[in-house]
Amino acid sequence: MSGLSTFIMVLEGFLGGVGVTVLVTLASLVLGVALGFGLALLRQFGRLRAIHFLIDAYCEIMRNIPALTHLFILYFGLASIGFRLSAIAAAILGLGLIGGAVTCDLFRSGFAALPNGQREAALAVGFTPFQTIFEILTPQALRIALPSLGNYAVQLLKDTSIVSAIAAPEIMFYARSMVTSSFQTTLIYVTVAGLYLLLGLPLMQAIRFLESRYGRLKA
Amino acid sequence: MSDFIEPYFEYGKEWLPLLVKAMGTTALLSVSAFALSLVFGLLLALCRNAPSRALSHFVTVYVSVVRGVPLLAILFLLYFGLPGIGITFDAFTGAVLGLAFAFAAQVAELFRAGLMAIPKGQREAALAVGFTPFQSFTLIVLPQVVRIIIAPLIVTFVSLLKDSSLASLITVNELVLTGRAMATEYFLPLQIYLAVGLCYFFIAWPFSLLSRRLAPAVG
């Protein structure tokens, strides 16, 4: 078998995996950002001490335990007590729940960076507290958080590779099964590395576009 | 609920030594990889500022490639791919090297930022009062750099510690792989993976707290 035809065969083998990688990345990105934003609002503007404590505990637990362990708990652990999730659902849920903790901190530091005068001025000119949060503070905080959210998204794309450990059929999963059947180990893993780099490019472009369009104005 | 707790009392005595031993492996793996990544990272940061164009280009390419490729791909390439061209490691060495190569890129960026924050006059003054270039770097510049970047360095260590869980996928007998073996033996995956998560939390949390303690002093 010539080198080129092996390479083409390897690429074809990856096609299904690319779709699942993109799906898991986007779905857990949406879940993580939505959850993180909600938690950040509750933590930053909520008054209940108990909820503050719960959110802090949630963030610490999520951020100090490896994603792989979270995935095993969700996929193997929950199945043993009767909650059976599909591998892809467990992957999206797991990465999304972790993402919630990560982005909660990013949003919070965005809000924390705003001078108090912004809130006071908005309230003084007659905005309701709700309007103040969503129309005055949120747009500014989002701009500040944007670069770190971008980093998180790029990191997330790479982190989806670990869901192959719970047999979600993404790029790395196909790579591992192809290695077992073809023994073209080096070729396959180099291709994998190249594929992730390629997938990261449009993501980074999108982030750069968002940053140049909405990013924080330079003073 | 008692069904859920009971196994901990029943098997706790058998599980604890296994988990403690695995924690030791995880700690050793993380600390060795982090130490190595500090060395690589510092070298990369220095090469980036080096007068040689080729060297600084190499570092730029290295950092962006390593940042775009999942750690799992790097580990598989090192452990399963390199034997194909005649280079063989044992799993532990492969994991240490893979983690060190991957995190060196992040550490290099931190060192670079730290080096840029030190005014040129520090080095010039050290040279003027008779320090050798080596001394002025190691005794004058580097300690100040480390003070600036110590908090993000600790955060990086915590990520490395968590990512060391991926070494289980190249058969290093650390926490996650020990957990898998235990889960197969006792058929109690939920209880066991939760215990594994707790083990990671015990190691990682103190460092997370420490990084936050040190952070404001820098800002």
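Student: How many helices and strands does the secondary structure of chain A come to?

Tutor: In this predicted model, the secondary structure of chain A amounts to 8 helices and 0 strands, and from the N terminus on its elements read α-α-α-α-α-α-α-α. Along the principal axes, the C-alpha atoms of chain A fill a box of roughly 75 × 45 × 20 Å.

Student: What share of the residues in chain A is buried, and what part of the contacts joins residues 24 or more positions apart?

Tutor: Of the 219 residues in chain A, 45% are buried. Among the contacts in chain A with a separation of 6 or more, residues 24 or more positions apart account for 75%.

Student: Which backbone nitrogen does the side chain of Glu174(B) reach?

Tutor: The side chain of Glu174(B) reaches the backbone nitrogen of Leu177(B), at 3.0 Å. Leaving aside neighbours within four places in sequence, the residues in contact with Glu174(B) include Thr25(B), Leu29(B), Ser165(B) and Tyr200(B).

Student: How is the second largest pocket lined, and which element gives the most to its lining?

Tutor: The second largest pocket holds about 450 Å³ of space, and of the 14 residues that line it, the closest to its centre are Asn49(B), Leu115(B), Lys120(B), Arg123(B) and Val141(B). While α5 (120–128) and α6 of chain B each supply at least two lining residues, α5(B) gives the most, with 4 residues.

Note on methods:
Residues are numbered from 1 along each chain as its sequence is written. Chains are lettered from A and ligands numbered from 1 in the order in which they are written. This is a predicted model: local features need pLDDT of at least 70, side-chain atom pairs count only at pLDDT 80 or more; totals for chains, interfaces and linings use all residues. Side-chain values use heavy atoms; hydrogens and water are left out. A polar contact is a pair of N or O atoms within 3.5 Å; within protein, one must be able to donate a hydrogen and the other to accept it, and residues adjacent in sequence count only if both atoms are side-chain atoms. Contact means heavy atoms within 4.5 Å. On a 1 Å grid over the protein atoms alone, a cavity is a set of points where a 1.4 Å probe fits but cannot get out, and a pocket is an open set with protein on both sides within 12 Å along at least five of seven lines; lining residues have an atom within 4 Å of a point. Grid points are joined across faces, edges and corners, and a volume is the space filled by probe spheres set on the points. Buried means under 20% relative accessible area, exposed over 50%, partly exposed in between (1.4 Å probe, protein chains only).
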